[in-house]
Amino acid sequence: MLDSLFIYRRFLAVSLRAQMQYKASFLMQLGGRLIITAGEFMAILVLFDRFDSLIGWNVYQVAFIYGVVNISFAVADAMTTGFDLFGDMVKTGDFDRILIRPRSTALQLAGQELTLRRISRLTPGLVALTWAAMNLDLNWTFANASLLMVSVAGGASLFAGLIVLQATLAFWTTETLEMMNTLTYGGVETTQYPINIYRPWFRNFFTFGIPLATVSYFPALAIMGTPDPLGTPLWFQYTAPAIGIAFLIGSLQVWRIGVRHYLSTGS
Amino acid sequence: MISYWAIVSARFRSLLQYRSAALAGLVTQIVWGMIRVMIFQAFYSSTNAEQPMDGSDVETYIWLGQAFLAALPWNIDTDLRSLIRSGGIGYELIRPVDLYSYWLSRALSWRTAPMLMRAIPLLIFAFVVMGMSPPVSWAAAAAFFVSMCAAILLSSAITTFLNVTMLWTITGDGVTQMTFGLVLIFSGMLVPLPLYPDWSQPIINAMPFRGLVDTPYRLYLGHIPVSEFAGVLTHQLVWILAFIVAGRIAMARALRRVVVQGG
């Protein structure tokens with residue numbers, strides 16, 4: 001286990017050094033990403049400026065949920081670049097090289113690259129969360145602070161699980177299915193607003209199908225001390241983020257089944 | 001002129017081959033449109049105050065945006081990038097055509113073909129299933145059509161400008177992402193422009209990006225009356241001209257000092 005962590009750190013250090021070789025390009029890409037993600041947060045501010053409230057939610061509450069979701073996704077997205085590129089690896093047969101190394105395949109792919117510019121999503125997420133926390137008059141008990149940590153960890157696990165599942169499909173389709181991006185990016189777009197504003201079928205899909213609401217909306221309510229308009233009990237809001245971690249563990253099991261079914265395309 | 005038309009149509013036909021990518025894009029954009037429509041419906045149901053744009057108009061605006069998404073200047077021509085990287089750009093220089101017009105023609109097809117493949121099925125879906133409204137009048141429909149053509153030309157001129165910057169930067173990714181960020185915010189893709197704060201309207205209206213999205217869509221809705229058509233079209237044309245001139249100057253400068261890669 002410790003040995004794996006050590007190797008993971010080495011992988012990441014190599015990847016970071018490689019990216020810093022092209023500093024100007026890196027900085028411009030970072031700037032571009034920042035404009036796009038900051039724009040999304042600005043859209044929320046613009047809409048609240050026009051409409052004052054979103055069916056009873058105020059701008060700080062929405063900013064808080066937005067922050068939790070975007071921080072989670074930024075962490076997951078930066079750590080799973082290798083899985084994003086996995087479709088190409090299957091197509092070219094490069095995955096064979098990974099298989100003959102004496103380390104777990106998931107670990108090698110996760111350490112493939114830590115794409116720094118993907119962290120740009122983190123900035124607006126952190127800004128939104130801090131700004132919301134300063135204005136919401138929160139009660140920072142130990143339980144609430146840990147719930148925030150757990151909920152970000154659960155969220156990152158859930159998004160990582162989704163990206164792993166998307167990559168796993170490539171074992172059978174030999175290409176990454178773009179359509180699955182609807183679940184990840186669409187999931188971020190959906191759950192950065194309180195889930196109760198959507199139609200029931202849609203809201204249920206993101207609660208029971210792809211349980212993104214369990215790592216953002218429900219724990220955020222508990223931290224903010226807001227009663228749920230959907231009527232879930234407090235104990236559920238505290239335990240819900242565990243579902244995200246369970247989802248990642250499940251996804252890694254499916255990944256293992258995929259690896260066992262892998263037939264190389266290489267010659 | 002005939003040779004440029006041949007470039008447009010050949011490139012157009014080759015781009016029509018990417019059908020599975022178009023299908024994936026279609027599904028994604030339908031889901032995306034539904035999410036955005038629900039968010040705006042929730043905001044509109046929270047207020048009784050008069051808004052600068054009706055809720056139903058916003059829905060149509062969102063569906064138009066999803067339908068014509070691929071027409072925005074959101075990426076650079078990867079074929080040109082590999083030419084620049086490999087040194088194949090040398091062949092481009094000896095072609096008996098004006099290089100800028102050649103690249104602009106390529107960009108025109110690059111912005112039109114993928115967009116058409118997605119727009120037609122998406123608009124049918126939005127009309128039949130989502131209750132999107134048709135143009136307010138025949139005159140509005142005609143104004144929308146002309147303005148949409150101008151929007152595609154504007155997008156192609158911006159794309160060509162981005163392609164030209166690759167002659168300096170080789171990758172072009174950074175400039176493209178920064179430009180696309182500005183496009184998203186100031187074209188109306190993220191939030192329909194009339195909903196931005198009143199003080200910001202004159203600034204947003206002066207910028208080129210509304211010509212990509214907001215101008216044609218509001219003509220469609222009748223939110224910009226047909227009587228103002230000449231004015232908004234002029235705004236689009238002035239910016240098209242500006243990007244073409246800037247692109248030509250930048251290209252001329254780059255070619256004076258171009259270093260052909262590879263041996």
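Asn144(A) sits in helix α9 of chain A (helices are DSSP runs of H or I with at least four residues, strands are runs of E with at least two, and both are numbered from the N terminus). The model is predicted, so local features need pLDDT of at least 70, side-chain atom pairs count only at pLDDT 80 or more, and totals for chains, interfaces and linings use all residues. Residues are numbered from 1 along each chain as its sequence is written, chains are lettered from A and ligands numbered from 1 in the order in which they are written, and side-chain values use heavy atoms, with hydrogens and water left out.

- Asn144(A) is buried, with a relative accessible area of 6% (buried means under 20%, exposed over 50%, and partly exposed in between, using a 1.4 Å probe and protein chains only).
- Not counting residues up to four places away in sequence, Asn144(A) touches Asn139(A), Ala222(A), Ile223(A) and Tyr238(A) (contact means heavy atoms within 4.5 Å).
- Ala10(B) lies in helix α1 of chain B, residues 2–15.
- Ala10(B) is partly exposed, with a relative accessible area of 43%.
- Ala10(B) and Ser109(B) are 99 residues apart in sequence, while their C-alpha atoms are 8.8 Å apart in space.

**Helix α14 of chain A**

- Helix α14(A) covers residues 242–260.
- At 1.5 Å a residue, its 19 residues should span 27 Å, and its end C-alpha atoms are 28 Å apart, which agrees (the expected span is 1.5 Å times one less than the number of residues).
- Gly244(A), Phe247(A), Ser251(A), Trp255(A), Gly258(A) and Val259(A) are buried in α14(A).
- They cover an arc of only 120° around the axis, which puts them on the same side of α14(A) (the arc is that of the directions from the helix axis to the C-beta atoms).
- An α-helix has 3.6 residues a turn, so residues three or four places apart point the same way.
- The face turned away from the buried side of α14(A) carries the exposed residues Arg256(A) and Arg260(A).
- The cover over the buried residues of α14(A) includes α4 (81–84), α5 (86–92), α6 (95–99), α7 (105–110) and α9 (142–173) of chain A.

**A pocket in chain A**

- The second largest pocket has a volume of about 670 Å³.
- On a 1 Å grid over the protein atoms alone, a pocket is an open set of points with protein on both sides within 12 Å along at least five of seven lines; a cavity is a set where a 1.4 Å probe fits but cannot get out; lining residues have an atom within 4 Å of a point.
- Grid points are joined across faces, edges and corners, and a volume is the space filled by probe spheres set on the points.
- Of the 25 residues lining the second largest pocket, Ala106(A), Leu107(A), Ala110(A), Leu248(A) and Leu252(A) are the closest to its centre.
- Two or more lining residues come from each of α1 (2–19), α3 (59–79), α7, α9 and α14 of chain A.
- Helix α14(A) gives the largest share of this lining, 6 residues.
- By class, the lining of the second largest pocket has 18 nonpolar, 6 polar and 1 charged residues (Ala, Val, Leu, Ile, Met, Phe, Trp, Tyr, Cys and Pro count as nonpolar, Asp, Glu, Lys and Arg as charged, and the others, Gly among them, as polar).

**Cavities**

- The structure holds 3 cavities of 30 Å³ or more.
- The largest cavity has about 60 Å³ of space.
- Its lining includes Arg36(B), Phe40(B), Tyr61(B) and Ile62(B).
- Helix α3(B) gives the largest share of that lining, 4 residues.
- The lining of the largest cavity divides into 6 nonpolar, 3 polar and 1 charged.
- The second largest cavity has about 50 Å³ of space.
- Among the residues lining the second largest cavity are Phe68(B), Met148(B) and Tyr217(B).
- Helix α7 of chain B, residues 138–169, gives the largest share of the lining of the second largest cavity, 4 residues.
- The lining of the second largest cavity has 8 nonpolar, 1 polar and no charged residues.

- Most residues other than glycine have a negative phi.
- Ile55(A) is not a glycine, yet has a positive phi of about 35°.
- Ile55(A) is found in the loop between α2 (23–51) and α3 of chain A.
- At 41% relative accessibility, Ile55(A) counts as partly exposed.
- Asp137(A), also a residue other than glycine, has a positive phi near 60°.
- Asp137(A) is placed in the loop between α8 (122–136) and α9 of chain A.
- Asp137(A) is exposed, with a relative accessible area of 72%.
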